[in-house]
Amino acid sequence: MNNLKSCNAHITEELERQVRLIQSAMKAVEEGELERARLFSKSAQRSADEASSLLGAMIEDSAASATVVIRLDRKVF
C-alpha cells in the first residue's frame, strides 16, 4: 500500500511538472522564443512518458498481485 501511495505521489509530481513545462512552452511561443519552446515541449513529453511508465508499472504490479490472490483462493489446503 505504501508503494502505491509513493507511485501515486510520483505520478502527481510528474503531471504537475508537465503542466508547468507546457505553460512555459506556451509563454516562450508567445515571446517568439521558439527554440526554448521546443526544449520545454520535449521536457514535457519526457515527463508524460515517465508518468505513463510509472502508471504502466502500477498496473502490471496490480495484475500480478491479483493473479497471486486468485491462485491462493483456488489452492486446496
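Trainee: How many helices and how many strands does the secondary structure of the protein chain come to?

Mentor: Good place to start! This is a predicted model, and in it the protein chain has two helices and zero strands. Helix H1 covers residues 2–30, while helix H2 covers residues 34–74.

Trainee: What share of the residues in the protein chain is buried?

Mentor: Of the 77 residues, 18% are buried.

Trainee: What share of the contacts with a separation of 6 or more comes from residues 24 or more positions apart?

Mentor: That share is 62% in this protein chain.

Trainee: Now for charges. How should I think about salt bridges, and how many does the count come to?

Mentor: The general idea is friendly enough: side chains of opposite charge can pair when their charged atoms come close. Here the count comes to three salt bridges.

Trainee: Which side chains meet arginine 36 in salt bridges?

Mentor: There are two to find. Arginine 36 pairs with glutamate 31 at 3.7 Å, N to O, and with glutamate 33 at 2.9 Å, N to O. Together, Glu31, Glu33 and Arg36 are linked in a network of salt bridges.

Trainee: Which residue does glutamate 35 meet in a salt bridge?

Mentor: Its partner is arginine 38, and the N to O distance is 3.5 Å. Glutamate 35 and arginine 38 are about one helical turn apart, because they lie three residues from each other in helix H2. Arginine 38 is partly exposed, with a relative accessible area of 45%.

Trainee: Let's turn to glutamate 14. Where is it placed, and is it buried or exposed?

Mentor: Glutamate 14 sits in helix H1, and it is buried.

Trainee: Which side chain of opposite charge is nearest to glutamate 14, and how far away is it?

Mentor: That is arginine 17, at 4.1 Å. A salt bridge needs a side-chain nitrogen of Lys or Arg within 4 Å of a carboxyl oxygen of Asp or Glu, so glutamate 14 has no salt bridge.

Trainee: Leaving aside neighbours within four places in sequence, which residues is glutamate 14 in contact with?

Mentor: Look for Ser47, Glu50 and Ala51: glutamate 14 is in contact with these.

Definitions and conventions: Residues are numbered from 1 along each chain as its sequence is written. This is a predicted model: local features need pLDDT of at least 70, side-chain atom pairs count only at pLDDT 80 or more; totals for chains, interfaces and linings use all residues. Side-chain values use heavy atoms; hydrogens and water are left out. Helices (H or I, at least four residues) and strands (E, at least two) are DSSP runs, numbered from the N terminus. Buried means under 20% relative accessible area, exposed over 50%, partly exposed in between (1.4 Å probe, protein chains only). Lys and Arg count as positive and Asp and Glu as negative; His and the chain ends are not counted. Contact means heavy atoms within 4.5 Å.
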